[in-house]
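Please read the points below with the model open beside them. They are a colleague's comments, arranged by topic.

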Amino acid sequence: MHVAVFVERIALFDIHKVLRILAQENKRFVEPIVTTISRERTPFHVLISCILSLRTKDQTTREASNRLFVLADNPEEMVKIPVERLEKIIYPVGFYRTKARKIKEICEVLIKSYFGKVPDEIDELLKLNGVGRKTANLVVTLGYQKPGICVDTHVHRITNRWGYVKTRNPYETEFALREKLPAKYWLTINDLLVTFGQNICLPVSPKCSICPVRGYCKRVGVTRSR
Ligand code: SF4
């Protein structure tokens, strides 16, 4: 008996080509809110909006950031807002109570230890309570245009699905990418993959049938797609 076996052809992974395709494709989608803020505002705004964005939809972050920045544009103005009022302003972002407290605390530290200026070094940013590697990298790259790779859940998931890295968590992915991703993509990969991950390469059931880079993707760990 003859059994036909169809094997999908996967091209050799070419990061330059893949990222070029995504840059072109992403033009039809709305860019991540923190990217928009980084173009129009200061590293302080990037830091605060990034904190607001954790576990929160982009549209909610956008609205909460706008409400907050109209009232307070820098650490000095922000510390004057009572925590209870801050909570109300940023509601309904995820963990708004915790975030209100953290934002206030961070602003106090910025004033006391950094002359009201947001540090431009990852290690300094990590000393701020509530700032993890993702936020620190985003502030350094988007806020200051300095080298860093912001790895969030999208960057981690997608680069693993491609088979470009083989890692267990975002922390490992950041260091794997620091080893192999050409430096010219460090500042833009997060932006590209967040947009791509929100619209095509979704966490559950990615849209592989319409994916522009399917021909390069090994689809590692993808069991369900559409
Ligand atoms: S083929 Fe599927 S898993 Fe691979 S990048 Fe595209 S959407 Fe993601």
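1. Overall fold. The model is a predicted one, and its secondary structure consists of 12 helices with 0 strands, so that the order of elements from the N terminus reads α-α-α-α-α-α-α-α-α-α-α-α. Along the principal axes, the C-alpha atoms occupy a box of roughly 80 × 35 × 30 Å. Of the 226 residues in the protein, 46% are buried, and among the contacts between residues at least 6 apart in sequence, 59% join residues at least 24 apart.

2. The largest nonpolar core. This core has 38 residues, and Leu47, Leu68 and Met78 are those with the most contacts inside it. At least two residues each come from α2 (33-40), α3 (43-53), α4 (58-71), α6 (83-90), α7 (96-114), α8 (122-125) and α9, with α3 giving the most, namely 7 residues. Leu68 deserves a separate look: leaving aside residues up to four places away in sequence, Leu68 touches Ile48, Leu52, Met78, Ile81, Leu86, Ile89 and Ile90.

3. The second core. A separate core of 25 residues is also found, and its members include Val18, Leu177, Leu192 and Tyr216. As background, nonpolar side chains in soluble globular proteins tend to be buried together.

4. Helix α11. Which residues of α11 are buried? They are Thr173, Glu174 and Leu177, and because the buried residues fall within an arc of 105° when seen down the helix axis, they line one face of α11. The face turned away from this buried side carries the exposed residues Tyr171 and Glu179. Among the elements that cover the buried residues of α11 are α9 (133-144) and α10.

5. Aromatic pairs. The search of the whole structure returns 4 aromatic pairs. In one of them, Phe13 and Tyr164 have ring centres 5.3 Å apart and planes at 35°, so the pair is tilted. This pair links distant parts of the chain, since Phe13 sits in the segment before α1 (15-25) and Tyr164 in the loop between α10 (153-162) and α11 (170-180), 151 residues apart. Phe13 counts as partly exposed at 25% relative accessibility, whereas Tyr164 is buried, with a relative accessible area of 9%. Tyr91 and Tyr96 form another pair, which is edge-to-face because the planes stand at 85°, with the ring centres 4.9 Å apart; Tyr91 is partly exposed, at 49% relative accessibility.

6. Aromatic cluster and charges over rings. Phe13 and Tyr164 belong with Trp162 to one aromatic cluster. Tyr164 also has a charged residue over its face, namely Lys180, at 4.3 Å from the ring centre. Likewise, Arg178 lies over the face of Phe175, at 5.9 Å from the ring centre.

7. Cysteines. How many disulfides does a search of the whole structure find? The search finds 0 disulfides, and for Cys150, which is in none, the nearest cysteine sulfur is that of Cys50, 6.4 Å away. A disulfide is counted when two cysteine sulfur atoms lie within 2.5 Å, which means that the cut-off is a matter of distance. Cys150 counts as buried, at 1% relative accessibility. Cys211 is buried as well, with a relative accessible area of 19%; the label should be read with care, because buried means under 20% relative accessible area.

Note on methods
Residues numbered from 1 in each chain as written. Predicted model: local features only at pLDDT ≥ 70, side-chain atom pairs only at ≥ 80, totals over all residues. Heavy atoms only, no water. Buried < 20%, exposed > 50% of the residue type's maximum accessible area, 1.4 Å probe, protein only. Phe/Tyr/Trp six-rings, centres within 6.5 Å; stacked < 30°, edge-to-face > 60°. Helix = DSSP H or I, 4+ residues; strand = E, 2+ residues; numbered from the N terminus. Lys NZ or Arg CZ within 6 Å of the ring centre and 35° of its normal. Arc of directions from axis to C-beta. Contact = heavy atoms within 4.5 Å. Core = buried A, V, L, I, M, F, W, Y, C linked by side-chain atoms within 4.5 Å.
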